[in-house]
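Let's take a walk through a protein model together, one contact at a time.

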Amino acid sequence: LFDGVYPFYPQQRKAAVFDISTIIVIVVFLTLACSFLLIIPGIRGRARWYWTLRVLLSLSVGVVIVVVQFTGDWETGWVQANTSYKSFSPVQVNADIGLHIGLAGVNVTLRGNPVNQINETINYNEHFPWSFGEDYDRSYSQGLQKGLPSPILYVAEKFSTQSPCAVHRQASQSMALAPLLCWSSLVSRVAFCTWVISNILFSMPALIYGGYMLLVTGAFMIFSLLSFSTVRSSPMCVIQIGTRTLHVAYGGSFWLMLAIGLLCLVVGITIVAMHHLSLDLLKTFFDLREDKAEEYQEMPEVFINPHFMNKGL
């Protein structure tokens with residue numbers, strides 16, 4: 001032992017707090033927001049506040065569209081129960097078992113109460129991917145070979161293709177449709193691309209088309225949630241752990257996606273309505289309104305061609 005640990009062997013894995021892809025996406029959008037805040041003092045008058053509201057709102061929509069593809073809390077569930085810790089062992093532990101379903105796969109969490117029991121540290125968070133060409137059954141087999149605790153393998157087995165519960169078929173269908181409309185496949189890029197196009201159109205005089213693109217963005221986000229909910233509404237196999245049952249419900253990513261999708265629809269409808277009812281106010285908000293003094297300014301000098309004057313014109 002070297003200071004209480006084995007120096008040449010892999011150390012125990014720590015429970016994951018945040019997915020690294022999620023952190024990268026958040027940092028990128030925060031960098032864009034901070035960069036804009038640095039130049040905002042150079043904008044004069046009320047336009048400064050209009051620009052701030054538009055940019056921060058747009059970045060919020062973009063970061064949600066991207067980041068929900070990597071989060072693991074579209075559906076979550078927790079249960080505290082007394083359960084067996086190892087296979088072929090009568091020893092039981094008291095632990096919290098969590099199930100987190102995301103667009104990229106399943107996370108199963110096992111945390112002891114207390115963490116140190118039976119001379120071991122019970123604190124696991126295992127990820128079993130199923131999107132982007134990942135083989136869920138292969139990752140589950142690797143978990144068997146590593147000898148993961150029985151509760152984790154029991155929950156993960158419910159989502160394998162070999163399970164009689166057929167949870168994998170139900171869940172994978174819903175998980176394939178949601179990223180299909182948000183990011184990963186050909187149609188999924190429409191939501192992100194229409195968001196980009198709307199930002200481009202909002203910098204041009206054709207503001208109504210930016211509103212239409214924002215409506216399309218919100219529609220695709222809402223449709224992805226509807227597809228997820230429709231497939232997910234089919235009955236699932238009961239996940240029984242000891243004497244307790246693990247139930248799952250919609251998580252933070254689902255409700256965040258719903259809120260931003262509705263926000264896009266509301267803002268898009270407002271822009272289209274203002275285009276027909278108060279175009280000057282809409283141009284003022286987007287800093288596209290021309291100064292009246294310049295718009296109606298007369299030419300200070302008039303140059304006359306003497307050749308046409310001699311002809312009596």
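The term salt bridge stands here for a side-chain nitrogen of Lys or Arg within 4 Å of a carboxyl oxygen of Asp or Glu. The names come from DSSP runs, numbered from the N terminus: helices are H or I runs of at least four residues, and strands are E runs of at least two.

Before going further, a word on what you are looking at. This is a predicted model, in which local features need pLDDT of at least 70 and side-chain atom pairs count only at pLDDT 80 or more, while totals for chains, interfaces and linings use all residues. Residues are numbered from 1 along each chain as its sequence is written, and side-chain values use heavy atoms, leaving out hydrogens and water.

How many salt bridges does the count come to? The count comes to two. One of them joins the side chains of Lys86 and Glu120, at 2.8 Å from N to O. Here, too, distant parts of the chain are linked: Lys86 sits in the loop between β1 (75-84) and β2 (92-101), and Glu120 in strand β4 (residues 120-129), 34 residues apart. Lys86 is partly exposed, with a relative accessible area of 41%, and Glu120 is also partly exposed, at 25%.

Now step back to the whole chain. Its secondary structure comes to 11 helices and seven strands. Of its 313 residues, 38% count as buried. Contact means heavy atoms within 4.5 Å. Among contacts between residues at least 6 apart in sequence, 63% join residues at least 24 apart.

Next, look at how helices pack. Two packed helices are described by the angle between their axes and the distance between the axes. Axes are lines fitted to C-alpha atoms, for helices over the stretch in contact, and angles run from 0 to 180 degrees between N-to-C directions. Take helix α2 (residues 47-67) and helix α8 (residues 252-277): their axes come within 10 Å and cross at roughly 140 degrees. That makes α2 oblique to α8. In this naming, angles under 35 degrees count as roughly parallel, over 145 as roughly antiparallel, 65 to 115 as roughly perpendicular, and the rest as oblique. Where the two helices meet, Leu57, Val61 and Val64 of α2 touch Leu256, Met257, Ile260, Leu263, Cys264 and Val267 of α8.

A second pair brings us back to α3, which packs with helix α4 (residues 150-157) at an angle of about 165 degrees, their axes 11 Å apart. α3 and α4 are therefore roughly antiparallel to each other. Tyr136, Tyr140, Gly143 and Leu144 in α3 are in contact with Leu153, Ala156 and Glu157 in α4.

Cys264, which you met in the α2 and α8 packing, is buried, with a relative accessible area of 2%. Cys193, by contrast, counts as partly exposed at 38%. A disulfide is a covalent bond between the sulfur atoms of two cysteines. Using the rule of a pair of cysteine sulfur atoms within 2.5 Å, a search of the whole structure finds zero disulfides.

Finally, visit three serines. Ser139 has its place in helix α3 and counts as buried at 12% relative accessibility. Leaving aside residues up to four places away in sequence, Ser139 touches Phe128 and Pro129. Ser160 lies in the loop between α4 and α5 (167-180) and is buried at 3%. Ser160 and Asp135 are 25 residues apart in sequence and 9.8 Å apart in space, C-alpha to C-alpha. Ser198 is found in helix α6 (residues 189-201) and is buried, with a relative accessible area of 1%. Which residues does Ser198 touch, not counting those up to four places away in sequence? They are Gly210, Met213 and Leu214.

Note on methods:
Buried means under 20% relative accessible area, exposed over 50%, partly exposed in between (1.4 Å probe, protein chains only).
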